[in-house]
Amino acid sequence: MPYRKFKADYLFDGSDFCDAGSVLITDEKGKVIEVTNTKNAGGDIETFAGILSPGFINAHCHLELSHLKNKIPEKTGLVNFVYKVITERHHEAAEIETAIEAAIEEMRGSGIVAIGDICNNELSLPAKKSGRINYYNFIEASGWNPSVVDERFNRSKEIFDVFIADGQKASIVPHAPYSVSYRLWEKITPFFEDKVVTIHSKESKGEDELFLKGEGGFNDMYEKMKIDNTFFEYPGQSSVEYYFEKLSRASSVILVHNTFLNKDDIDHILKHKRSTQLLSFCLCPNANVYIENSLPPVELLIENDLNIIIGT
């Protein structure tokens, strides 16, 4: 059977650095067969400078927004950022697809081999057919006003069906606590069954202000976007307390950003998480600094032995 042998200054197996002189042996398709020492590996060893490592996983990405890179002002806060994205995201399909291709090549060059990608349309699908990178597609559902629930859900379901028919892995997921009405939650939760589900969580202080007191910047955003918010009766609990149990059907949950996560949030999550559910906290530090000029509480996550993953 044809095979290749690799050696580098350092060999990382995904958990630990291997002993000096370790050699990675793969089959002809690149599947790892074993890690052994130089003496047992024999000849024809390919040697590289640097670190040899498993490919990286970008657990949170918005490929369809690649054309907005460097076009939205920095450090203006989440409310202003979201408003800019929503009002400026619509460009010609060809321009968006070109930017998607460029983003994919940039990630490949950085050693990324798999991506969890947020999708609100089908524009990223042609690029994903090439097989250059593995994808899990999170088909995002959003709609704050109950009057748009059926329209928004049907659109998400249509996109989900297209991705599944194309052989892609996909889930229907909520965008964020402040953008999914209770009726829309009722529509999408049956689709969480045994799926990977992700949600933007605690990305700004405004989330808790909205759900605890009905106050804060999101009210200004609803007004600017002409979204009728008169229906909303704030529950008097944190955003995490409001939404987390709604994810109970998912086999795996990815909470993204967590910039303003606190100990009470973590205690609530761990109390209500199903024992068989894989729970991950996805950190996107470049985005957090770009938008809110803040970083998530990494030490708090580590202290509670929580699973940390990385996104862009």
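**Figure 1. The largest nonpolar core of this predicted model has 58 residues.** A nonpolar core is a set of buried Ala, Val, Leu, Ile, Met, Phe, Trp, Tyr and Cys residues joined through side-chain atoms within 4.5 Å. Buried means under 20% relative accessible area, exposed means over 50%, and partly exposed lies in between (1.4 Å probe, protein chains only). Look for Tyr178, Trp185, Ile188, Tyr243, Phe244, Leu247 and Leu255, the residues with the most contacts inside this core. Helix H5 (residues 149-165) supplies the largest share, five residues. Helices (H or I, at least four residues) and strands (E, at least two) are DSSP runs, numbered from the N terminus. In soluble globular proteins, nonpolar side chains tend to be buried together.

This is a predicted model, in which local features need pLDDT of at least 70 and side-chain atom pairs count only at pLDDT 80 or more, while totals for chains, interfaces and linings use all residues. Residues are numbered from 1 along each chain as its sequence is written, and side-chain values use heavy atoms, with hydrogens and water left out.

**Figure 2. A close-up of Phe244 and its contacts.** Which residues does Phe244 touch, not counting residues up to four places away in sequence? They are Val253, Leu255, His268, Ile269, His272, Lys273, Gln277 and Leu279. Contact here means heavy atoms within 4.5 Å.

**Figure 3. The parallel sheet S9-S10-S11-S12.** This open sheet has four strands. Two strands pair if DSSP finds at least two bridges between them. Strand S9 (196-201) and strand S12 (307-310) stand at the edges with a single partner strand each, so one side of each has no neighbour in the sheet. From one strand to the next, the twist averages 30°. Axes for such angles are lines fitted to C-alpha atoms, for helices over the stretch in contact, and angles run from 0 to 180 degrees between N-to-C directions. Five bridges join strand S10 (residues 252-257) to strand S11 (residues 278-283) in the parallel sense. For Val253, the bridge partner in S11 is Leu279.

**Figure 4. The mixed sheet S3-S2-S1-S4.** Here, too, four strands form an open sheet. Its edges are strand S3 (32-37) and strand S4 (45-52); each has a single partner strand, so one side of each is left without a neighbour in the sheet. Strand S1 (residues 3-11) and S4 run parallel, joined by six bridges.

Figure 5. Buried in H3 are Ile96, Ala99, Ile100, Ala103, Ile104 and Met107. They cover an arc of only 140° around the axis, which puts them on the same side of H3. That arc is taken from the directions from the helix axis to the C-beta atoms. Why can spaced residues line up like this? An α-helix has 3.6 residues a turn, so residues three or four places apart point the same way. On the other side of H3, Ala94, Thr98 and Gly109 are exposed. The buried residues of H3 pack against strand S5 (56-61), strand S6 (112-119), helix H4 (125-128) and strand S7 (134-141). After H3 comes Gly111, with a positive phi near 90°.
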